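Open the model in your viewer and keep the sequence panel beside it. Each stop below says what to select and what is there.

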Amino acid sequence: MQVLLIEDDPRIQEVVERGLGARGFAVLSAPDGESGLDLVRKLDVDIVLLDLRLPDRRGMELLEEIRVIKPRLPIIVLTALGDLTTKVGGLEAGADDYITKPVAIEELAARIRARLRARSPDGAMLSAGSLIVDLAAHRVFLNGREVAMSTRELTLLAAFLRNPGHVLTRPQLLQMVWNLESDPSSNVVDVYVAALRQKVGASFIETVRGVGYRFVVPAGARGKPPS
């Protein structure tokens, strides 16, 4: 599951990224409201963790704007502001949950899972043409036949499926799938993309030279349910 953290404190970013990453979440961080809003528009994230104290935007206004753009996207406010008035205001502005810092990572992960269960009961299944990914069962099907994949390969494939038609850069994929910062010397993304192409077909993943990769559904691809 992909989590977007909109938080300007790098220490909190690191704690959340490491803690949730160790519990199976892919965390993408934005240091301010504008970059966070841009990622909400461009990417199909599963849930947003939103700090209300941001350097460039009022948190409540950003919350309302995200809710307008993607009405069904779960949003959890994660902030140091713990007074009753702010809590009520956040929930009335559209937050699905309100958590006051500091919070134990175990509780944060549990709250995220609860929100995802409540909002997206069918969110464990992704599909694109003849390609089907069952995240809950950790199974991939192509043209009705199961394709064996490692956990990391499946996570990378799911990231592509959640963002069809969008160009995902190598730094974005490093953070989304491996929870790593950009490393110009690393070719891990290219290696795993090559492995995916061998397993599902090169036509699903286009190379955008000098930028990254784009997931597309090949012309003529037809969905077929797994047996």
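## Stop 1: a hairpin and its sheet

Select V208 and look across to β12, where G212 is its bridge partner. Residues are numbered from 1 along each chain as its sequence is written. The model is predicted: local features need pLDDT of at least 70, side-chain atom pairs count only at pLDDT 80 or more, totals for chains, interfaces and linings use all residues, and side-chain values use heavy atoms, with hydrogens and water left out. The names of helices (H or I, at least four residues) and strands (E, at least two) refer to DSSP runs, numbered from the N terminus.

Now select β11 together with β12 (residues 212-215); they pair in the antiparallel sense over 4 bridges. Two strands count as paired if DSSP finds at least two bridges between them. The two strands form a hairpin with 3 residues between them, and G210 in the turn has a positive phi of about 80°.

The 3 strands form an open sheet in the order β10-β12-β11, with antiparallel pairing. At the edges are β10 (167-169) and β11 (205-208), each of which pairs on one side only. From one strand to the next, the twist averages 35°.

Next, select helix α7 (residues 170-178), which packs on the sheet and touches β10 and β12. Touching, or contact, means heavy atoms within 4.5 Å. The direction of α7 makes about 75° with that of β10. Axes are lines fitted to C-alpha atoms, for helices over the stretch in contact, and angles run from 0 to 180 degrees between N-to-C directions. Then show helix α8 (residues 188-200), which lies across β11 and β12 and runs at about 145° to β11.

## Stop 2: α6 against α8

Which residues make the contact? From α6 come R152, E153, L156, L157 and F160, and from α8 come Y192, V193, A195, L196 and K199. By class, the contact has 7 nonpolar, no polar and 3 charged residues. Ala, Val, Leu, Ile, Met, Phe, Trp, Tyr, Cys and Pro count as nonpolar, Asp, Glu, Lys and Arg as charged, and the others, Gly among them, as polar.

Zoom in on E153 in α6. Is E153 buried or exposed? E153 has a relative accessible area of 9% and is buried; buried means under 20%, exposed over 50%, and partly exposed in between (1.4 Å probe, protein chains only). The side chain of E153 reaches the backbone nitrogen of S150 at 3.0 Å. Not counting residues up to four places away in sequence, E153 touches A148, Y192, A195, L196 and K199.

## Stop 3: β7, β8 and β9

Select strands β7 (residues 131-134) and β8 (residues 139-142), which run antiparallel and are joined by 4 bridges. L131 stands opposite L142 in β8. The hairpin of β8 and β9 has 2 residues between the strands, and N143 takes a positive phi near 55°. Most residues other than glycine have a negative phi, and most peptide bonds are trans.

## Stop 4: a cis bond

Select K101 and P102: the peptide bond from K101 to P102 is cis, with omega near -5°. P102 is in the loop between β5 (97-100) and α5 (105-119).

## Stop 5

Finish with helices α2 (residues 33-42) and α3 (residues 59-69), which pack at an angle of about 10°, with their axes 11 Å apart. That makes α2 roughly parallel to α3. In this contact G33, L37, V40 and R41 of α2 meet L62, E65, I66 and I69 of α3.

Now select R57, in the loop between β3 (47-50) and α3. R57 counts as buried, at 17% relative accessibility. Its side chain makes a polar contact with the side chain of E34 (2.5 Å). A polar contact is a pair of N or O atoms within 3.5 Å; within protein, one must be able to donate a hydrogen and the other to accept it, and residues adjacent in sequence count only if both atoms are side-chain atoms.

Technical notes: Parallel < 35°, antiparallel > 145°, perpendicular 65-115°, else oblique.
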